[in-house]
Amino acid sequence: MAKDGVIPLSPGRKTRSSSQLLPSKPSPQNVYPFSSQTQSQELFHCLYSSEEPISLATLISSLPRRKPQILEILRLVGSLNSPMFPLLIYGGPSNGKTISILQIFRYLNRPFVYAGCRTCYAPRILFDSVLRQLLLHGRNPIKGNSGTKRCEKPSEFIDLLRIALVQAINALREKNLKSGSEEVDRGEMIYLIFDNFELLRSWDKNSNIVPLLLRIHEILKIPEVGIIYISSSTPDAYYLCTGSIEPITIYFPDYTLEDLHGIFMRNQLNPKLYSSFLSVVLKPFFRVTRRVDELSVAFQPLFQKYCKPLVDRSVVPDEAMKRKLFDNLQPYLTVSLNDLFMVLSWTSHQIKQEGDHQKKGIRKSNRKEASNELDFHMSMSAKYLLLSAFIASRNSATLDASLFDSSGGLINRKRNKNSQMSMDRKDSMAEEILLKGPGSFPLERLLAIFQCITSVTESMVEEEKYENGAAIESESVGLTSDVLLQLSTLCNANFICKSGSCPLEGSTRYRCTIDEEMAVRVAKSINFPLSSYLYRR
Amino acid sequence: MVHSPSTTCDFHSSPISAANASDVSDNNLQHFFVLHKAPARKCERKTSSTYGRTKRKIDMLLSSPMKVVQEENDAIYEQVRLEAFENTWSKINSTVKEVLREINLTLFEEIHQWVFESFSTIRCTSPVHIMKPYPIAAGATCKTIPAALIFTKNIEFVDDMLMFQDLKGYMQSNGCHAAFLSALDISTKCGIGSCLRSLYKQLVPEASDVVDVPLIASWYCKDENYDKPIAVIIEDMERCDSAVLADFIKMLSEWVMKIPIIFILGVTTSFDALRKLLPSSVMHKLQLCKFTLESPRRRMDSLIEYVLVRSSSGFFIGHKVAFFLRNHFLRHDGTITSFLKALKLACIKHFSGEPLSFLCPGMLHEDCEAFWSGKCESLSEVLRSYAFDLPSCQRGKTNGDNNLAQGLSKLKWLQKSWSSVVLCLFEVGKLSKIQLLDIFCEAIDPTLCIERALGQQLLPPFTASHDSVNGGFISQAIQKVRELPSDSLCQLLGQWSLHTEEVIEMDKEVKAVHSMINLPSDGHTSKEKQTVNIHGCLASSARKKGTPFLNDEAAMLLVSLLRKFLVPIESVPFHEIFCFKDVASLKYSLAQEYGDLINLHDWYHSFKTKVLISNPKAKRKVQHSPASKKGKSKALENEVARFCKAVTELQITGLVRMPSKRRPDFLQRIAFHL
């Protein structure tokens, strides 16, 4: 969300849009953040937000439409050195939760430990990350690496955490005493922030990690510790796990259309132009997604397209121009709306490419890709095997007998003679098959169909050869390679997937995952009459 | 990876199969060849258990035409031949590598350029407080990871594994950190930890086992690492576990400002694969860019051009072998790897089977005649008479002289002019999208009667154009020359004159026509263009008249070159020394390469094809008769019965083992190298 909103406040941070606006004036600390001198300083400031503290007004203005939530959090966190209950902040993804908390602590300028459960992908890593941040602060620079011991078990973690917290708090106290009135008092509280808390539930091996972290405040019994959880799933998801006091919840609601408009309007070079762009774009996209990250990814290339006809981007558009620009944009708009999730990211780069340099032969449009040529090589037998898998998935097993005769040939069904009634019944059956999706089949059936269709085509091919009078090679279709090898190749390409074993037979069943378009393309490349093998109308 | 060790081992045992092959070359050997040969081998085995191998060798030699040849200093010549083989193959191999590298190089350069462009975009949103474990609060657009999709155009990715390794090397030597993740690293079993571990281990060899992103970040922050992007190559994306890959991408996308990771993903099939594999929320985190590898066919074309036509190796293949290799490539997995495997096998077979094959490297010598005459003088009488008894030499019979070295030199000259002409054809083929492999196969055909192939081309172009499709690829190429616009015609002739430089006779003719085309165009191009603009149709009609004349002239030139110089190697005396023709034994050995398990279904198929082909007429009848269905099913039953009986017999003789429970459709072959 308001991730864009932060920009004017932090001199080092820039998005692409803002970097054009602001001349970069990085603070000296940020220019060479890795030289040895600053590194020790870095360690020392580890528990604080490394940026300049901000005022309440900038805090609120930097996070548009989040004022009530921010004030609520500030109230709950309380004034300096006041203990707090655990907080659970929840709301949809890309909603401004994390950034709000981080900005709030920048405003408060109090020490905190941040642990994102996405980056810390396992309990061990999570424990490690928390402890390392605490120890970096708490340890005396002279002592060196005191607490690099890794902890494996939750109980160990709690012990170490308690020690580390006490150390850190003592260090804070000492510092406050030493500095006296020179520095601003940062208090004696340490806050632990657990982000992406919902991910913990999927660490199924350690099902006790969620209750452990939820009860951590009770277990530690240190009043100088504040706990904040950030989650994109609702609190209900955790109630089952705990036997403790529920944390106080704060809900971040989804943004409304106006909110989003406000967010996107921030830091624009030409607000009038961007506003006219948003008035075209925002509404249709809002119906698809409300996530700021997705929207901003989608808007960036579209805005480039929108501005393309303009020579001067600082122009203030009048009505006629707006209409003209809209007409220009419309074709792209529909395309990117349809493919919002997938192709847009790819086109976005493409556009940039075109705009930047006009080079590289990577400009194949997505429409072109849908042509009916197979654009990668597959061996003959792999193609046949894929088609037989497709047939096996599409037709129900009971229909095989009516499709193939005993010798493997295709029975020509006479369609004209069917009565209306049976036609209807067949129609509904075919539809049902389509609705059910690809069916699974055992290996034996696949091989049987494979044999049937190859035997038919083989004889066809041979016939052609004799008619041409050129029996150059005895090789017929070239189906000599190992069928199972081909099958595993197809499985690797995700064209066929293994779909668990059948409980009765115990053998692996397969499922063909390609769509009909692809199957038709494959069939075309080997002149295989696929449509006559598919059961429908 | 490219060549299994078994291929190399084969070298020592292959005299048997090669000698063997000479008398069965007309039979088309496949799996069931076991049937015919088995009993003899079986007996032999019983009688000779310990010294079986050597004895068998002698047996085979006795029956071979070159038994006398072999008896004399057999060992010395074998050694020489082995050396010649190694020499030749290493030449071929290095050529192949060179060619493939050359092909990939442009792609690598493009990717490299793209990587640095993306890197600078990331960098311009300058990172702050990199050590902090919490996300940088910046726009969502900055959280996307640049990802190159490399479409490898082949569902089999054996060839590409090498390519990706090369890419890693290339990236590393050009200012990137590069890591290479395989599908094994990204699997459900190991989870995301193993991805990170493998990534970090490649960046820092002496890494510990527990790795998290902050660790990588702190490594990256060191001064010596800081100015480079990190390219993460995932060779075969489709095989990765989608959940783990998605987590991996999400995790890294949060850090992309601090650790500029750039993905390079190999995709074997199509864009849809990616769409299916990753959820949309993850796709949003990737900023995709598409790159395409040269298609397997194009790669093959360049291989053919450099390895078999420009041939600097001294090893040639006959028409049948070429045709087989072509089919093997197109219908089989379409990988260069399997093609090279077959080619190597052919090479091995040639050098081990052909007594005079040690003369091959002479092709490479500057002064080949001196090299050969030196060799030939020291040649034993037996070998000399063997050389003059070669069928091609007997057939030619023009030789009043008995000079082997001269004959070989002549062959070299003919071969050189042949390859020059074929290269000229290739140039045309490149223009008209004809596969060079097809042209090659046609040009190498000894039965190719140029007159017949070109017969229609001598007619006026308009009548000929209708038949040109049937007329084979060479006549298609000639037709193409007639239709070329003048400027590309000029370019083409320029290319031709480059290719024909070394053959003086050809060079004259090409130069003559080239200057004819060049002269008017040199002086008049600018003028003519103007006149076209001003006078419209008048000038253009004049131009139209001129062009076909030049086109005809060029086509006639090509035809005359083809007539004079396109002499397929198989119709030249002594070609047996350089040219491998025994397609049957090649097929047989390739079939053996597949290991000891025989798929019953495949086996039955090849059996059936064999049986059916032996009487094609009968089959046709069955197909066309009105009672075909019954007849067919009966014939089928018959076949199945024959097949079952044969297999049972083999089992009783102990040559195959019955299927196990685990793999019910497979038989195990017990006898090898029959």
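This is a predicted model: local features need pLDDT of at least 70, side-chain atom pairs count only at pLDDT 80 or more; totals for chains, interfaces and linings use all residues.
1. Parallel sheet of chain A. An open sheet in chain A is built from 5 strands, arranged in the order 2-3-4-1-5 with parallel pairing. Its edges are strand 2 (112-116) and strand 5 (248-252) of chain A, each of which pairs on one side only. From one strand to the next, the twist averages 15°.

2. Strand 1 against strand 5. Strand 1 of chain A, residues 87-91, is joined to strand 5 of chain A by 5 bridges, and the two run parallel. Among the residues involved, A:Tyr90 has A:Tyr251 of strand 5 of chain A as its bridge partner. Strand 5 of chain A is also an edge strand of the sheet.

3. Helices on the chain A sheet. Helix 5 of chain A (residues 67-77) packs on this sheet and touches strand 1, strand 4 (225-231) and strand 5 of chain A. The direction of helix 5 of chain A makes about 165° with that of strand 5 of chain A. Helix 6 of chain A (residues 97-108) packs on the sheet as well, touching strand 1, strand 2, strand 3 (190-195), strand 4 and strand 5 of chain A. For helix 6 of chain A, the angle with the direction of strand 4 of chain A is about 155°.

4. An unreviewed UniProt entry carries the annotation "domain: ORC5 lid" for residues 274-326 of chain A. In the model, that span is 74% helix and 0% strand. The C-alpha atoms at the ends of residues 274-326 of chain A lie 12 Å apart.

5. Helices 5 and 6 of chain B. Helix 5 (residues 74-124) and helix 6 (residues 158-173) of chain B pack at an angle of about 50°, and their axes are 10 Å apart. Helix 5 of chain B is therefore oblique to helix 6 of chain B. The crossing of these two helices is right-handed. On the side of helix 5 of chain B, the contact is made by B:Arg101, B:Asn104, B:Phe108 and B:His112. Helix 6 of chain B contributes B:Met163, B:Asp166, B:Leu167, B:Tyr170 and B:Met171. By class, the residues of this contact divide into 5 nonpolar, 2 polar and 2 charged.

6. Helices 7 and 9 of chain B. The packing angle between helix 7 (residues 191-203) and helix 9 (residues 242-255) of chain B is about 55°, with the axes 9 Å apart. That angle makes helix 7 of chain B oblique to helix 9 of chain B. The two helices cross in a right-handed sense. The contact uses B:Gly191, B:Ile192 and B:Cys195 from helix 7 of chain B, and B:Val244, B:Asp247, B:Phe248 and B:Met251 from helix 9 of chain B. Of these contact residues, 5 are nonpolar, 1 is polar and 1 is charged.

7. Helices 13 and 14 of chain B. The axes of helix 13 (residues 319-331) and helix 14 (residues 336-353) of chain B come within 10 Å and cross at roughly 155°. Angles over 145 degrees count as roughly antiparallel, so helix 13 of chain B and helix 14 of chain B are roughly antiparallel to each other. Their crossing is right-handed. Helix 13 of chain B makes the contact through B:Val321, B:Leu325, B:His328 and B:Phe329, and helix 14 of chain B through B:Phe339, B:Ala342, B:Leu343 and B:Ala346. This contact has 7 nonpolar residues, 1 polar residue and no charged residues.

8. Antiparallel sheet of chain B. In chain B, 3 strands form an open sheet in the order 8-10-9, with antiparallel pairing. Strand 8 (597-599) and strand 9 (656-657) of chain B are the edge strands, and each pairs on one side only. Strand 10 of chain B (residues 666-669) is joined to strand 8 of chain B by 3 bridges, and 2 bridges join strand 9 of chain B to strand 10 of chain B. Opposite B:Phe666 of strand 10 of chain B stands B:Asn599, while B:Val656 stands opposite B:Arg669 of strand 10 of chain B.

Note on methods
Residues are numbered from 1 along each chain as its sequence is written. Chains are lettered from A and ligands numbered from 1 in the order in which they are written. UniProt positions are given in the numbering used here, feature names are shortened, and annotations may be inferred rather than shown by experiment. Helices (H or I, at least four residues) and strands (E, at least two) are DSSP runs, numbered from the N terminus. Two strands pair if DSSP finds at least two bridges between them. Axes are lines fitted to C-alpha atoms, for helices over the stretch in contact, and angles run from 0 to 180 degrees between N-to-C directions. Two residues are in contact if their C-beta atoms, placed from the backbone, lie within 7 Å. Angles under 35 degrees count as roughly parallel, over 145 as roughly antiparallel, 65 to 115 as roughly perpendicular and the rest as oblique. A crossing is left-handed if the near helix is turned anticlockwise from the far one by less than a right angle, and right-handed if clockwise. Ala, Val, Leu, Ile, Met, Phe, Trp, Tyr, Cys and Pro count as nonpolar, Asp, Glu, Lys and Arg as charged, and the others, Gly among them, as polar.
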